[in-house]
Amino acid sequence: MPKSLLSMATIGGRTQDTDERFEVINPATGAAFSTAPLCGAPELTAAVTFCKRAQPQWAQSERNRRGALLACSHAIARKQEDLAKLITLEQGKPIAEARSEVAYAAEVFAAYSEMEVPSKDLSNGETSRTLLFNRPYGIVGLITPWNFPIGTAAVKLAPALLAGNAVILKPSPIAPLSPLLLGRILKDLLPAGILNTLSGDKSLGEQITRHPDIRKLSVTGSIPTGQAILSEAAVELKSVTLELGGNDPAILLPDCDPHEIAGQLLDSAWRNAGQVCSAIKRIYVHQSRHSELIAALSKLTPNYKVGSGMESGVRIGPLTTEYSRERLTELLQSAIAEGAKVTKDSRPLPSHGYFFSPAIVSEIRADHPLVLEEQFGPILPVVPYRNIDEAIEWSNATNYGLSASVWTKCPSVGYEIASKLECGRVGVNGHRRAKAAAPFGGFKHSGLGRELGSWGLAEMCESQVVNIFE
């Protein structure tokens, strides 16, 4: 298979290949369409060396860093189509969603280019001075997932760079090509060695986690991945930010009109084929509106055409991995075996690739794994509740706590319910993506720390107090 600059690592401001490469699968066909460098200890050692050389000078001028971030934003926007096509080929989402992801990445870089690294005078009129500064860690390791390979990279990269850090970015081996291209796009806009992109397998991630010169880690992945990384990072007492997924509930109050909101519910649940940490993954509806909601959702299900993300009119692409399809199939079959009813589109799926028909599941018990676990696919269980306390109890009855939404014609009631939900973000009459200016993160096993906004910047800094005695 021919090698391409689009799938080269970036180390020290230069593109670099490796002797060994690994295949990248197009989930719409189930076949390899490209390869990526299999980086290991030599590449990581080189990247750390370049980081150590470049970072002190990079940390000197915040003004220059903000200018570089703005230039990065413009460059990402100019290369939107190239990045979007790679995202769709390696990850599967519809091309329109991929373009939106790239636009969001450019937006995040632009937002941080306007932000200042805060400092504060804490003296309070005393004769001595107490000054608070935010200093960079030095070298930051970023490990990103396959479901939003460019969007998540931007959420981590922009604040890390603004803070004055040098960065080693390791994308998921399932979708490494678009982040590798991102590294190539940005390498000439940043000092050599400030941004290094290394693709590789699990062992590379473990080496980044253990490396003593990498003082900060920011990781998005599964709960087991986060637990393993936290354990490894503890040896070197590293600071770690973790975003580990969610099983977001949507609570519908009796005053909702199911037909008015059914489209919004499905758009959230099935964006990126349901492979979104903060997507709606379970619905709790008052028993008096249960049948009506099932009818409204079922009526709209055929509108969600399944197919290759490159095809016009497709709204649900393939699942990104064969494992995901097998797991969803098992969860759905288990629910059916226990008496659950399933509404699916009757149209045949493509004969190749990891496609899965979106499904509405009703008459399922509230503690079934399909409800309590993060399905990460286009399945939407709907559970009736008798009173709002029951709905709140069920919503909180998982180890996840990322996002949730409450749907009602009375926003003040929605606000009151939101305060009782154990999660990092709650929408009232909406379940939308994270805004660049607001903190994003979860309670419980959904992670540690926050991303985006000034909170995301703070995660990339160490606080330093300077006392000046006269």
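Tutor: Two strands pair if DSSP finds at least two bridges between them, and strands (E, at least two residues) and helices (H or I, at least four) are DSSP runs numbered from the N terminus. This is a predicted model, in which local features need pLDDT of at least 70, side-chain atom pairs count only at pLDDT 80 or more, and totals for chains, interfaces and linings use all residues. Residues are numbered from 1 along each chain as its sequence is written, and side-chain values use heavy atoms, leaving out hydrogens and water.

Student: In what order do the seven strands of the open sheet run?
Tutor: The order is β14-β15-β16-β13-β12-β17-β18, with mixed pairing.

Student: What makes β14 and β18 edge strands?
Tutor: β14 (341–344) and β18 (425–428) each pair on one side only.

Student: How do you know that β12 and β17 pair?
Tutor: Strands β12 (residues 248–252) and β17 (residues 403–407) share three bridges in the parallel sense, and the definition asks for at least two, so they count as paired. Within β17, Ser 405 is the bridge partner of Ala 250.

Student: Why is Asn 272 called buried?
Tutor: Buried means under 20% relative accessible area, exposed over 50%, and partly exposed in between (1.4 Å probe, protein chains only); Asn 272 has 1%, and is therefore buried.

Student: Why is Leu 237 called exposed?
Tutor: Its relative accessible area is 70%, which is over 50%, so Leu 237 is exposed. Leu 237 lies in the loop between α8 (223–235) and β11 (239–243).
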